[in-house]
Amino acid sequence: MDEDYKLTKWLDNSMNEAELSQFKASDHYVVFEKIKKYSSQLETNSFDQDKMLAEVLVAPKEKTKIIPLYKTWVFRMAACIVLLLSLTFVLKTNVTATEIAQNGQKKSFELPDNSEVVLNSGSEIVYKKWNWDNNRKLNLNGEAYFKVTKGKTFEVATPLGKVTILGTQFNVKSRESRFDVTCYEGRVRVNYNNTEIIITKGMRVAFENNKKIIIPNTEFTQPKWINNEITFDKENLNTIIKEINRQYNIEIILKNTAENLLFTGTIPSNNLESALEIIDVTYHLQHKKVSDNKFILEPLNVKK
């Protein structure tokens, strides 16, 4: 009889007298007896099946949370609206309006407060229409005449200087290194580098290459270029030719001249032949037509 079988019979109290005597005489009996003794002292809680079932039946059930489909749709729509409004605000506050007068053209337009602006040929203005009352600033490249609504103020910034006004009429010219401002009504504050000047009706101020140019005041009520006359005050030949190119949308090539005479006077912007003749007489030049929109200016003594 193997050991496992003997142990089983002993625990089950099914051994006869002879088997029990033999089992007690074995070397492992003392250990088995101790295990049997102490294990009999162990107690386990009784299991009440009926009580357990009753507790399960009366226990509160946790409700499953259900989010209606329409609520999810509403939340998504609200998020989309918020995003759309945010994008609209960003676009409105950053998008600019641009007005351009191409060479050979002039352009008139109104600002949001009904102030009038006329752009001269080859000029550009950039500004923001949205929230104009709180951001009244224009960026000008070229020349423009402003007729500002009474009681309104704004700022004109150019690459060369800045002009601040209050309910007035004025002209700003910013070409190459020349900055020229004329006031026709009201008051204008002009800032050029570290210089600030206040000018009033009829007064003019000009700067070129960081120097102030003394020019006479005007008796006119608006710039002459509005009526097709280009006015120059102590300006060199290269500047004059560039302005004629803009006004007529042509190309004039200047050859072989070292003439440094500064020109003061008026040249028509609606009669090219007359404009070229004035340049010829003043600078002792002769012009030659190469094509409909291209001309050459050269000294009179050039041999044919």
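## Ser123 and its contacts

Setting aside neighbours within four places in sequence, Ser123 is in contact (heavy atoms within 4.5 Å) with Glu99, Ile100, Ala101, Asn141, Gly142, Glu143 and Arg175. Ser123 belongs to strand β4, residues 123–127. Strands here are DSSP runs of E with at least two residues, helices are runs of H or I with at least four, and both are numbered from the N terminus. Ser123 counts as buried because its relative accessibility is 3%. Buried means under 20% relative accessible area, exposed means over 50%, and partly exposed lies in between, with a 1.4 Å probe and protein chains only.

## Model and conventions

This is a predicted model: local features need pLDDT of at least 70, side-chain atom pairs count only at pLDDT 80 or more, and totals for chains, interfaces and linings use all residues. Residues are numbered from 1 along each chain as its sequence is written, and side-chain values use heavy atoms, with hydrogens and water left out.

## Asn191 in β8

Asn191 sits in strand β8. At 18% relative accessibility, Asn191 counts as buried. Beyond its neighbours within four places in sequence, Asn191 is in contact with Gly161, Lys162, Phe179 and Glu196. With Glu196 there is a polar contact between side chains, at 3.0 Å. Thr164 is 27 residues from Asn191 in sequence, and their C-alpha atoms are 8.3 Å apart.

## Salt bridges

The model has 16 salt bridges. A salt bridge is a side-chain nitrogen of Lys or Arg within 4 Å of a carboxyl oxygen of Asp or Glu. One network of them links Lys173, Arg178, Asp180, Arg204, Glu208, Asp233 and Glu235.

Arg178 pairs with Asp180, the closest N and O atoms being 3.5 Å apart. Arg178 is buried, with a relative accessible area of 3%. Asp180 is buried too, at 7%. Arg178 also forms a salt bridge with Glu208, where the closest N and O atoms are 3.5 Å apart. Glu208 lies in strand β10 (residues 204–208) and Arg178 in β8, so this pair ties together parts that are 30 residues apart in sequence. Glu208 is buried, as is Arg178.

A further salt bridge joins the side chains of Glu176 and Arg246, at 3.9 Å from N to O. It links distant parts of the chain, 70 residues apart: Glu176 is in the loop between β7 (162–175) and β8 (178–192), and Arg246 is in helix α6. Glu176 counts as exposed, at 54% relative accessibility. Arg246 is buried, with a relative accessible area of 14%.

## Helix α6

Helix α6 covers residues 237–248, twelve in number. Its first and last C-alpha atoms are 17 Å apart, close to the expected 16 Å. The expected span is 1.5 Å times one less than the number of residues. The helix is mostly covered, with ten of its twelve residues buried. Among them are Leu237, Ile240, Ile241, Ile244 and Tyr248.

At the start of α6, a side-chain oxygen of Asn236 comes to within 3.2 Å of the backbone nitrogen of Asn238. Asn249 follows the helix, with a positive phi near 55 degrees.

## The sheet and its helices

Three strands make an open sheet of mixed pairing, in the order β13-β16-β15. β13 (251–254) and β15 (285–291) stand at the edges with a single partner strand each, so one side of each has no neighbour in the sheet. The average twist from one strand to the next is 25 degrees. Strands pair if DSSP finds at least two bridges between them. β15 and β16 (residues 294–299) run antiparallel and are joined by six bridges. Ser291 stands opposite Lys294 in β16.

Helix α6 lies across β13, β15 and β16, running at about 160 degrees to β13. Helix α7 (residues 272–283) packs on the sheet as well, touching β13, β15 and β16, and its direction makes about 145 degrees with that of β15. Axes are lines fitted to C-alpha atoms, for helices over the stretch in contact, and angles run from 0 to 180 degrees between N-to-C directions.

Definitions and conventions:
A polar contact is a pair of N or O atoms within 3.5 Å; within protein, one must be able to donate a hydrogen and the other to accept it, and residues adjacent in sequence count only if both atoms are side-chain atoms.
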